[in-house]
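Please read them with the coordinates open.

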Amino acid sequence: MKQVIAIVKPYLAEKVLEELSRAPIEALNVREVKGFGRQKSYLDEYSDSEYGQTFLPKVEITIWLDDYRAEETIRRIVQVARSGRMGDGKIFVLPAMSAGEAIDIAAAPVSTGKKKK
């Protein structure tokens, strides 16, 4: 299994998700995030104060899929999300547990932290 984390511009997120809806993936999470990359020094010139930092809005899409599907999925994301300008985003690929190794919260034992007498 692979975990693919794609950080993309907000206005491209829906297009990326639409493209991913055609891909066979195990699971997917989406969240709004803020941050900066190489453009930080450029953005500091325009921040409100001397010590302020400008964080740009982005969308983080986390995908879990089989190893052999990772390359094709990354290609699809790049094809949709690339504008060719600074700040297009990043893609990170990490090893992940298989679905059989993951802990299912609904089935996990519950511990209250209290010792039985």
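1. A residue is called buried when its relative accessible area is under 20%, exposed when that value is over 50%, and partly exposed in between. Thr62 has a relative accessibility of 3%, and therefore counts as buried.

2. The model is a predicted one, and its confidence should be kept in view while reading what follows. The protein has an average pLDDT of 83, with 79% of the residues scoring at least 70. Confidence is highest in strand β1 (residues 2–8), where the mean is 95, and lowest in helix α2 (residues 40–44), where the mean is 54.

3. Where in the fold does Thr62 lie, and what surrounds this residue? Thr62 belongs to strand β3, which covers residues 56–65. Once neighbours within four places in sequence are set aside, Thr62 is in contact with Gln3, Val4 and Ile5, with Ala27, Leu28 and Asn29, and with Arg31. The side chain of Thr62 also makes a polar contact, at 3.5 Å, with the side chain of Glu60.

4. Strand β1 deserves a separate look, and five of its seven residues are buried, so that the strand is mostly covered. β1 is joined to β3 by seven bridges, the two strands running antiparallel, and β1 is likewise joined by seven bridges to strand β4 (residues 89–95), again in an antiparallel arrangement.

5. Which residues stand opposite Gln3 in these two pairings? In β3 the residue opposite Gln3 is Trp64, while in β4 Leu94 stands opposite Gln3. Gln3 is also one of the residues in contact with Thr62.

Methods
Residues are numbered from 1 along each chain as its sequence is written. This is a predicted model: local features need pLDDT of at least 70, side-chain atom pairs count only at pLDDT 80 or more; totals for chains, interfaces and linings use all residues. Side-chain values use heavy atoms; hydrogens and water are left out. pLDDT is the predictor's confidence in each residue, from 0 to 100. Helices (H or I, at least four residues) and strands (E, at least two) are DSSP runs, numbered from the N terminus. Buried means under 20% relative accessible area, exposed over 50%, partly exposed in between (1.4 Å probe, protein chains only). A polar contact is a pair of N or O atoms within 3.5 Å; within protein, one must be able to donate a hydrogen and the other to accept it, and residues adjacent in sequence count only if both atoms are side-chain atoms. Contact means heavy atoms within 4.5 Å. Two strands pair if DSSP finds at least two bridges between them.
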